[in-house]
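I opened my notebook to look around a structure that was new to me. Come along while I look things up.

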Amino acid sequence: MSFTDFFSRHANEILQATLEHVWLVGATMALAIAIGVPLGVLVARRPWLSRPILGSANVAETIPSLALLGFLLPVPWLGERADRLAITALTLYALLPIIRNTAAGIAGVDPAVREAARGMGMTQRQILFHVELPLSLSTVLAGVRVATVLTIGIATIAAAVGAGGLGEFIFRGLAMVNNQLILAGAIPAAALALAADFLLSVLERRLRPAR
Amino acid sequence: MSVVASAAPETIIEFRNVGYRLPGGNILLHGLSFTVSRGETLVLLGRSGAGKTTALKLINRLTEPSSGQVLIEGRSTLDWDPIALRRHIGYVIQETGLFPHYTVEQNVSLVPRLEGWPAERVRSRARELLALVGLDPGEFLQRYPHELSGGQRQRVGVARALAAGPPILLMDEPFGALDPLTRMEIRREFVALQERLGKTIVIVTHDTSEALLLGTRIALFETGALKGIYSPREFLLSSEPVASAYVSQLHALEEFERGK
């Protein structure tokens, strides 16, 4: 059976798995942004917090993904559902680039602009939302892009705990020593990663402040 | 009709034995005492590092005094709500600090919007301000700062500082980054503007001719202390060594211009 035949015969299954994959990655990124951006702001605002926060995110990054899933399995609420477990683990991986880029973006705002904002009587909150975050948006987004591409790749591991996604094909293919099955998972995952990278880089360029 | 009642001019800003030291212990200012009256333009003149900018930032509480106190309209800056204090005082800095992601209109109308002015009034105020600083509103309102020349940016910076009609204006080397011709032009316009608006202005410069042109009085700073306060005329005639050093530099320039 040729490869294209295989693909067209299993088109529905592949589409299904791709959608699951997109859901896993989408939920992960939403969570990682919701947690990572505030942490990045904190790192930029309180330098003494930068070591503990960036340090922990760094440590999370170094844990092998299969092992991380294993560690999280016995955690009460998390271990109950496979997707919950997978999204938590993936979020831990996605945090570092987002935290780091948010902090770098805010640190990179022209000091004259910040000083003018303070001198005009803007509150810390107004400076953050009207000046610092808008001006660091493209840098934050660059972090989101790196994290997204990373997550699309690592999310294939989610199948190991039964959370679905394109990893299903890869694991099945490995077990059955079937290259076509492996490719049926790997090719859409690679395509997703490239597409996400492209779309986010376009967005990033459009949001870059003019100077 | 009593003419006698025109008593002493009202004091708006007062420094009372103010000192400022960095957390590391370095003393940037010490024993600073002076007053600024309503409607006057006080120039803080001195070398880089003499403490002029620090003194300026003490007025709008971007920094707080380590000793002594700074009184604005009779109240210590520490007793003011810092946000209310800063909205009460316009602030212009050398690099202008215009928001690069805002149009000229958004930049200029920022403080009125923060103050909750109605939209219609904010819009007409922005047009009025641009006209005031000599920029055509139709042409410039929708531009971004990077689409302006240095002189135009500086004008927008002044317009933004004036937006909510603050009675006090602080300017930190506002014309420092401009080329000499633009600089000359904007200074002259500024003098005319000041005559019309009658704001109380404190302006930092290291340029003697700028100090003489803009100031009703000149406060001379040297290594963190005030050497003296002079009218432009007194300054030119002063025998105080630092002051006469500035003046002789000015004379040397004039002689060079006349040709030996």
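I began with terms: the expected span of a helix is 1.5 Å times one less than its number of residues, and helices (H or I, at least four residues) and strands (E, at least two) are DSSP runs numbered from the N terminus. The model is predicted, so I kept in mind that local features need pLDDT of at least 70 and side-chain atom pairs 80 or more, while totals for chains, interfaces and linings use all residues. Residues count from 1 along each chain as its sequence is written, with chains lettered from A and ligands numbered from 1 in the order written.

**Helix α6, chain A.** Of the 26 residues, 20 are buried, so α6(A) is largely enclosed by the rest of the structure (buried: 20 or more other C-beta atoms within 10 Å of a residue's own, C-beta atoms being placed from the backbone).

**Sheet, chain B.** Next I traced an open, mixed sheet of six strands, ordered β6-β7-β8-β3-β9-β10 in chain B; strands pair if DSSP finds at least two bridges between them. I noted β6 (89–93) and β10 (225–230) of chain B at the edges, each with a single partner, so one side of each lacks a neighbour in the sheet. Inside, β3(B) (41–45) and β8(B) (200–205) run parallel over five bridges, and V43(B) has I203(B) as its bridge partner.

Note on methods
A residue is buried if 20 or more other C-beta atoms lie within 10 Å of its own, exposed if 12 or fewer, and partly exposed in between; C-beta atoms are placed from the backbone.
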